Amino acid sequence: MRVRVPEEGPHRATYMRVEHRLLALAFGGIPLAMAQTNNSVENMFKPVSTPAQHIVDVSILVLAICAVIFLIVGGLLAYTLVRYRRRSVTDEHEPAQVYGSNQIEIAWTVLPIIVVLVLTMATARVISAIQNRANPADALQVTVVGHQWWWEFRYPGLGIVTANELHVPASTATIQKLTFLKLQSADVAHSFWVPRLAGKTDVIPGRVNTMWLEPKQTGTYLGNCAEYCGTQHANMLLRVIVHTPEEFEQWAAQQKTAAVVDPQVQNGRALFLSLSCVNCHTVSGTTAAGTFGPDLSHLMGRETLASGAIPNGVTNLRSWIQDPQAIKPGNLMPNMQLNDKELDQVVAYLGSLK
Amino acid sequence: MSSIATTPNIEWKMPDRGRVGVICLITTETALFTIFVVAYLFYIGKSLTGPYPKDVLEFPVWATIALLSSSLTVFMAEHSVKHGRMGAFKLWLGVTILLGAEFLRQTGIEWYQLIEHDHLTITTNLFGTTFYSLVGLHASHVTIGLILLLLTFLISLGGGMKSQARRFEFLSWYWHFVDAIWIVVFTVVYIVGR
Amino acid sequence: MATADYPLEQPHRATKEFSLPSVLHEWIVTVDHKKLGIMYIVASLFFFVVAGLMAAVMRAQLAIPNNTLVPPEVFNRLFTMHGTSMVFLVGMPFLAGLANYLVPLMIGARDMAFPRLNAFGFWIFLFGGCLLYFSYIAGEGLAGHGSAPDVGWFAYSPLTERAFSRGSSTDYWTLSILVAGIGSLASAINVIATVFTMRAKGMTLLRMPLFVWLLLVVSGMILIVMPPLSAAQIMLLLDRYLGAHFFDTQAGGSAVLWQHFFWIFGHPEVYVLILPGFACASEIIPVFSRKPMFGRAAMIGATVSIAFLSLGVWAHHMFAVGMSARSNMFFAASTMMVGVPTGIKIFNWLGTMYGGKIRFDTPMLWCIGFLFQFLIAGLTGVMLAVAPFDWQLTDSYFVVAHFHYVLLGGLLFTYFGAIYYWFPKATGRMLSEKLGKWHFWLLVIGFHLTFDTLHFPGLLGMPRRIYTYPTGRGWDTLNLVASIGVVFQAAAILCFVWNIVQALRKGKEAGDDPWDAWTLEWATTSPPPEYNFVTIPEIRSSRPLWDRKHPEDPDWKYE
Ligand code: HEA
Ligand code: HEA
Ligand code: CUA
Ligand SMILES: [Cu+2]
């Protein structure tokens, strides 16, 4: 069996860390700590959002009931096997031939029915608690568009368009802040899943689904596309960054501004706009208005590239643009065949888009 | 085994295996049509572009009369072959075949109209998609039935059908089934769908 | 004794001289239900090994994070082919094989109702199977895209539409399954006709062995649930070849409709797969507990109600597609309800063993493993049935663990039990108990290493159908352990293959009735003659051979 861990390339952990220090030096903006906790364990039993909490509540009940059933039935089975095993190989005597008993049949029909009724009621309660939640006027409205194989996030109320990393405010004791997601797909079926925030909801073309979050704790929460959607389904990762309401306001304000124009990277900018990148990518305030790929206006504000395939940073950005297919085989961004000089310039420009 | 002696010749009759087989066949066929009908109903009024059913569909009166009456004639044919009246059998069988053919001809005309004049093909819109597949699925069943009827007719010309009353019964069941399906298709496509 | 209208001397085959071509020819042209049954089962085991090896490759790829053993597109083909093969080319033919071989023997018939249709069914199934694998060499298609299908075993639209799946790989999936489905229908019709029209004198419906009852129900289900899949597949073909729009979301087609059609087939299908397993358990457990089946009538009733209930639960595979709260509640409730009749079955098997004298021969071991594992599998099923819980679990590795528990820990275990139980009847030779126990324990260890473990990555957010995963999300160790389990499973399968080979070469003579059993198949020779029975004993109860062995207190006194 041939198993290689890639020695070089963006996957390698140590490489990432080196690269993060670089990044931290280059753009002091992103806190080192966050950059280093690139991954975390997303246990569905550690909810930080109301719907996820509801789910855990009912799950515990189900687990408990099933555990009891297992202990009883499994115990009976074990007991029977030991107690009624044939004691000696020579024993040819047939045991008493019993054909059944109606009372017993009725008993073990009725009891399970009761269990099922209990479970059904508990289930129904949680279903309506989650699905029938009204969408208050002051809730944050976000439109999520699934693409092969990345996420687009639109904030119609705020006029923000971004990708792969969803920023939402936390709900505090004083002010309750809900986020309602409108889920749409640009191509095939996907599924939006961030275990610690909520259960999944499919993202289906020709159909609008909704779900809501009420994060109670700031931090970064990871998720995945959970419906098989083609070659790179595995690398259609999600991250939700929960801010305090204040932080969120700042973030939103910063995102609303048009992409920075840094004179130092003028020719990089010119080159980028002259390339066919603009057919697929948007950079606000420029002629680049493509929508086939992620919006790059505030690219460097993201922790990762290519929906979580690699950590963000100049080095990775360069290797991505140099050959996207090497990093995310089969993804829909072609290798643009840029030479080193062009690469440096384009990367320099994109690197300036905070 | 003393017990055996007590029951040497109890009644022991089993149903005809062919009958069971045909019933099974008809059951699955029904399930198949059900799904296509569901798909049709589901897509009623969901076409993004025209032409729409109300613009282009006319009641296939003749086709319906032809097919439904063929149910009657096939029954007569079955009746005659049971009583060994081969002449009558050939007659009724022939009439059935003609009626079936007439039905297909009508369908052909209808489709020609739709394609040539109304420019409705299976690719035009959801109406086209569901219409041609449901009606087409039924028509294909009529065709199969027709072929079998023709074969029986040829055999009967050779005088080979005399002993085959039982077999013909199955064929006539199938034909009745195809008729019944048409009633459903007709209702769904030309009444509900319009 | 009602003597048969057949000569009493042994089958002429015994005297015929042996030559490979003549034997091959004999097997290819045969319409004998026993030969066809064996062919079905051999084909099924062959595809099992192939699909199993694919699984082994998948586990190797997933053993460590960021692994590059296989590229994404290859991995996607692997799980599609693995899943499709296991369901349609392993599960279905095995049940057809059992039905073909055993039903006529158990009801004292001399063949199936439609022997030629039967042979047709087998060959068309085999053709379908080969067609599916042919895609590996021919799937390139005109556009030069894809090889084997890579859309997953339930091929959700619109991923299967031309726009997203070019080339012809998806068409190979569609056509081969369509064709194999015709085979299943053929054998289903055959079983039903045989059971209703060819039972031996005195074999009333209520005296039929439970095995026959369950296969009758399964066949009935196949008649009703196969067509929805075929219909949907025909629509898909129309979309891909004639430009229809059934599932074309650009033109207003519905992606969800495909899901409904598929699962209207797909869920009952899983019971179609497991009921034959129940059928085997219902024959083996009584014999090795030395007691009649506890609550026969209840077992029959439970089976029938499972069949009916299973038609109304399909959308529990779709809790996350955004159905109304009301539909989610309905399907959650109906799904849990299925647990009740299934429970009745488990309890009745328990009741059969309770108070018996349990013999731990290999066939019984498999059934005991089945009981424990299916209990757990069913309970994880109930967790999935709780819609909100499912919003977290669906399409995660928890689901993968659930259905391997039912299919491998449940279905496959009973099937291995069935092989150890009826192999002597079919070949006249015993399988080695020693190798059998190795086979059993290795598979138990491997199975639990792999699939107990796989529940947890699901709870930690690991989706299914991913060709690789990043490190640091708590999935690494669990996946490694799961992959190690496969080594044991593979070893177990090798023991099994070796056991068969050995038994065929020099297994010890079985005799007519090695297990001291009670159903009709043990009343004839091993292997049975072409016409099955020289004389068919009069049937007066559900255990004719018990009556014969214990004339002092026969069953018919009580039934
Ligand atoms: C042999 C096949 C088989 C069997 C028998 C079952 C049995 C059951 N399955 Fe499973 N299932 C599959 C094969 C099977 N399943 C497959 C292949 C998939 C995945 C398909 C895919 O996505 O690829 C799947 C997926 C699946 C899902 C969808 C998961 C998802 O994708 O989101 C659900 C959800 O409800 C489910 C539920 C159940 C239930 C409730 C049962 C019940 O029948 C279990 C009943 C048994 C018991 C409950 C235990 C014994 C009972 C008692 C001891 C009585 C007391 C208990 C109670 C009253 C609760 N299954
Ligand atoms: C009957 C059904 C069945 C069975 C028995 C199995 C058996 C196994 N399955 Fe499978 N599986 C499915 C049905 C089944 N599976 C289905 C329906 C899916 C869903 C597919 C989809 O998502 O579309 C699936 C998906 C699936 C996945 C998820 C893939 C993904 O989502 O990314 C995985 C991953 O671990 C897996 C693993 C295994 C393993 C390790 C076995 C092991 O038990 C295999 C053991 C067998 C072997 C290891 C082979 C041994 C053979 C030899 C050693 C050779 C012998 C030598 C000679 C004969 C010469 N299966
Ligand atoms: Cu998107 Cu999977
Ligand atoms: Cu199901």
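1. The model is predicted; local features need pLDDT of at least 70, side-chain atom pairs count only at pLDDT 80 or more, and totals for chains, interfaces and linings use all residues. Residues are numbered from 1 along each chain as its sequence is written, chains are lettered from A and ligands numbered from 1 in the order in which they are written, and side-chain values use heavy atoms, without hydrogens and water.

2. At the interface, 37 residues of chain B are in contact with 41 residues of chain C (heavy atoms within 4.5 Å). The two chains bury about 3200 Å² between them, 77% of it on carbon and sulfur atoms; this is the accessible area (1.4 Å probe) lost on putting the parts together, summed over both.

3. Seven residue pairs are in polar contact across this interface, both residues at pLDDT 80 or more (N or O atoms within 3.5 Å; within protein, one must be able to donate a hydrogen and the other to accept it, and residues adjacent in sequence count only if both atoms are side-chain atoms). On the side of chain B that touches chain C, α2(B) gives the most, with 16 residues (helices are DSSP runs, H or I, of at least four residues, numbered from the N terminus).

4. Around ligand 2, a polar side-chain atom of Gln489(C) lies 2.5 Å from an oxygen atom of the ligand. A polar backbone atom of Arg465(C) is 2.7 Å from a ligand 2 oxygen atom, and a polar side-chain atom of Arg464(C) is 3.0 Å from one.

Technical notes
Helix = DSSP H or I, 4+ residues; strand = E, 2+ residues; numbered from the N terminus.
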